[in-house]
2 protein chains.
Amino acid sequence: MTVCGRFPFCNSYKWFGETVLELGMNKPGGGGLRNYNVPNLPVVISRQSRVALPQQVGDELKRLILEGYFRPGSVLPSSRALCDALKVGRSTIIEAFEQLKSEGYLVASAGSATRVSENIPSAMPEAPLPDTHELRLNSLSDYANRVHKEALLYERTVEPEIPFYCWRIARDATPLREFKQLMSRFSLSAEQEMLLDYQEDPLGHRPLRDAISKYLEKSKGIKADPQQILIVTGLPQALNLISRIHLERGDLAVVEEPCYPPVRKGFESEGASTVSLRVDAEGLTVDNLLRAPSLRVRLVYLTPTHQFPTGSRLSLARRLNLLTWAGTSGAFIVEDEHDSEFTYGANPMPALKALDKLDSVIYIGNFAKVMFPSLSVAYMVLPRDLTGVYAKVRQYGSDAVPLPIQCALADFIQRGLLRKHIRRMQGIYEARRDVLLASLSWYFGDKVQIRGEHAGLHLYVRFETTLSDAEIVDRALQAGVGITPIAPYYAGLAPQSEFVLGFADLETAEIREGIRRLAEIIL
Amino acid sequence: MTVCGRFPFCNSYKWFGETVLELGMNKPGGGGLRNYNVPNLPVVISRQSRVALPQQVGDELKRLILEGYFRPGSVLPSSRALCDALKVGRSTIIEAFEQLKSEGYLVASAGSATRVSENIPSAMPEAPLPDTHELRLNSLSDYANRVHKEALLYERTVEPEIPFYCWRIARDATPLREFKQLMSRFSLSAEQEMLLDYQEDPLGHRPLRDAISKYLEKSKGIKADPQQILIVTGLPQALNLISRIHLERGDLAVVEEPCYPPVRKGFESEGASTVSLRVDAEGLTVDNLLRAPSLRVRLVYLTPTHQFPTGSRLSLARRLNLLTWAGTSGAFIVEDEHDSEFTYGANPMPALKALDKLDSVIYIGNFAKVMFPSLSVAYMVLPRDLTGVYAKVRQYGSDAVPLPIQCALADFIQRGLLRKHIRRMQGIYEARRDVLLASLSWYFGDKVQIRGEHAGLHLYVRFETTLSDAEIVDRALQAGVGITPIAPYYAGLAPQSEFVLGFADLETAEIREGIRRLAEIIL
């Protein structure tokens, strides 16, 4: 149906192949019975439309009522008059009238007359008053305004030829085929009922939690009862639950400096204040925290295995000091292991959660890097005494991961496919990392400092250069190379010349060529 | 590996089929080199374990360091002495030492001596001090404490023979088979790259938004540009986004009385205050809102098509008044259409969003009832001027729906399977509703008032009885019938004798028998 009552130039025309009967334009002044210019009602009916005629007539009459053409309480033209005007059968008009009566637009009145309901407001505004429009945009929360000023995190721009992007995984080697098969095959025997009902276990699908529990013990030495494991949709949901459960307005949360900005935003969105503690070659400078016991810190968020973005690894001494401090202060430690499945060379450091005798650590694991990011599944290992409150806050205030995905992922882990995939990717990623290290050393010599080569899918580099970060990014892009400066990850004053170089999604030849081009620009 | 250093009664025993060598228990007093009772180190090594020997030795040495047995800075027994004591080869000890050095527990010192790092805290607490434990549980947020006092929303209890539960769908007629096929088949051509990267479009998978846009226009007369549609993980995520974007501490949000409790909790979790407005046979009593313009209401949440839980339908007059009020006050209306795909008899009332010329309505649609609840996909139709801020707040602060699910659902809708499924379920549900209405009338006569029979998957009933709600629920359960009282859905004083009767998951014979048993109990 094409409504064109507001365009005075359309009289009878073709519109997307439909012939449209145009029935006149004049808006009448009054609202009484005989004031309507029935033969010239501003109504458009199309016989070519797939919408049934009574529906079209009903919709048009509604429009006239809502626009104030037919006023509340006024008597409508008779069905016979409308038949003539609209060139439709009487049954069409009667059907439209019945529909509008059932919806409350029309009421039958004395005799056969049909009136517009008295309860319709006499004129609906057509567009918000300009004041109101401003008013309602200004009424957004402070948090919304702050976030609105930021750039989107991942924006599709022109893809450079050689993107050293740290959020990439090796897209040519994902386990997608196997995973898709499992999605169509996930067993329904015991799960069927549950699958079709609401997910009654707020911690998540039990077989998936069992599989993660075994995986954590074998791969990371973390002993987690499945009842301590909570399946979440990703890092944001985990941070949101943590914030809601632990932080009141004005509470302090410690984060790393530099740090992934949504983490800071996550804590701040609940009204907490964040304190950013510097990261050095040994990770978060925990000593600063221990030296200021008067700060009432509720929790400390960190990425100890491969700090994001600087790549440093928290030393054992700091790990133990942090755990002791948490045990005595009653604070919680949030350990985010975003890409620690992949480690190279040196023995991996034990996870904080593996050392956590006092149950102070809230561990966040993630399948984004190890499977693929858009899988949207992560998990938390909770202190035992907090599982109850987490389960309830999850159920009352946030959503579960779709059960078909949880079933397929449980299957994937149980069949040993996850360990197999990690082993395979370990080899691929290590080769790419080696080439990146060798290329940096070959082309940059002592003009580059490197950190974070022991784990993960990116390196931290600091170039010796007089160029600004913006100049480097621009010239690199012109040369077809995408790199990301670290400065935006700092809350405070940011040093220049620091970058993250992701190597996961690049062939070794691309890596070599990319670093060669960067050296040409920077040196 | 079995650690039993703390149990003085175990000397040499079988433990899960392993032979365990027990090497003595005495804790030494001092920390110097020759003070350790090396032949009696409290260490357990199992040759039957699947854990490699160097790893076992390393883990045990770590434990002794962390427990303070080997003190920071002290010299370790020689590798030769440890070989003898632990009955393992020298290479095993050396490998364990190397591992512990790389992790920072040990340092090589002058000559061949190996020392415990000075940086290890001298004794890690074994269990939180009792004070601390209390302290950290008391430190949870007010919100967490409030939610923790509530019961779980869906708890697996003994299933009654005839459950009239309103959260059920017809579990014998879900489109699971078709959906599973589509999950294994979703096309990867254009989407492959995106699927494997982070989901760069924060509004959600474009083909799914296109499909929902077409579906909304055809089924509900809602004209929504795909760029106004945001895919969310469910009602909680939608409410969370709304709260974060529109509500500051102390702001007012209007909800229905009675209302689904997580909705109230959702708004309150961001610090807003909720005002509960009574619902009558015509839905939310909007007039009360219009009469109190001094209240600075930021938003009004309602379920106009089939109010949850009372089933009433918001009248047209109230719809139009509410829209006009929102347009002039700058407030937003949150329209939650949880089960409005299924309507019976009368013409459905137009959605508020379909009447929304001022773009004041935030519409929430959900696939929980129409597909299956554990699918965990819902969507929002946003006012045009707010899509930007919603996209960013989504991306910074919450998670996307797993892309495989979005792809499969887009496919499901595009192939016409959703419309086909709805048509089929419409027939099934209408038959069940008819039997429930007839049974209530047959067995209860004028001792029951019914509401909400025009739509959805449950009826509201009010019995004429002198029994309390608790007595009715208990006796019904004893008779194998599960029903849910409405009282817990009220924020204020709750009337008695009101119940919701879900009919979706019951055969017609079960419905008849269930109502017969209820009549026996209640009349």
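B:I428 lies in helix α15 (residues 417-444) of chain B, helices being DSSP runs of H or I with at least four residues and strands runs of E with at least two, numbered from the N terminus. With a relative accessibility of 24%, B:I428 counts as partly exposed; buried means under 20% relative accessible area, exposed over 50%, and partly exposed in between, using a 1.4 Å probe and protein chains only. The model is predicted, so local features need pLDDT of at least 70 and side-chain atom pairs count only at pLDDT 80 or more, while totals for chains, interfaces and linings use all residues. Residues are numbered from 1 along each chain as its sequence is written, chains are lettered from A and ligands numbered from 1 in the order in which they are written, and side-chain values use heavy atoms, leaving out hydrogens and water.

In chain A, attention turns to a pair of helices. Two packed helices are described by the angle between their axes and the distance between the axes. Helix α15 (residues 417-444) and helix α17 (residues 508-522) of chain A have axes that come within 9 Å and cross at roughly 25°; the axes are lines fitted to C-alpha atoms, for helices over the stretch in contact, with angles running from 0 to 180 degrees between N-to-C directions. α15(A) and α17(A) are therefore roughly parallel to each other, as angles under 35 degrees count as roughly parallel, over 145 as roughly antiparallel, 65 to 115 as roughly perpendicular and the rest as oblique. Their crossing is right-handed, that is, the near helix is turned clockwise from the far one by less than a right angle. Residues of α15(A) that take part in the contact (heavy atoms within 4.5 Å) include A:V435, A:L436 and A:Y443, and among their counterparts in α17(A) are A:I511, A:I515 and A:L518.

In helix α16 (residues 469-478) of chain B, B:D469, B:I472 and B:A476 are buried. Seen down the axis of α16(B), these fall within an arc of 65°, so they line one face of the helix; the arc is that of the directions from the helix axis to the C-beta atoms. The partners of this buried set are β17 (481-482), β18 (484-485), β19 (498-502) and α17 (508-522) of chain B. After α16(B) comes B:G480, with a positive phi near 85°. In helix α6 (residues 176-185) of chain A, the buried residues are A:L176, A:F179, A:K180, A:L182 and A:M183. Viewed down the axis of α6(A), they fall within an arc of 160°, so they too line one face of the helix.

A:R209 and A:D201 form one at 2.7 Å, N to O; A:R209 is buried at 0% relative accessibility, whereas A:D201 is partly exposed at 28%. A:R318 pairs with A:D280, their closest N and O atoms being 2.9 Å apart. This pair links distant parts of the chain, from helix α12 (residues 316-329) to strand β9 (residues 273-280) of chain A, 38 residues apart. A:R318 is buried at 9% and A:D280 partly exposed at 21%. A:E161, A:E513, A:R516, A:R517 and A:E520 are linked in a network of salt bridges.

Conventions
A salt bridge is a side-chain nitrogen of Lys or Arg within 4 Å of a carboxyl oxygen of Asp or Glu.
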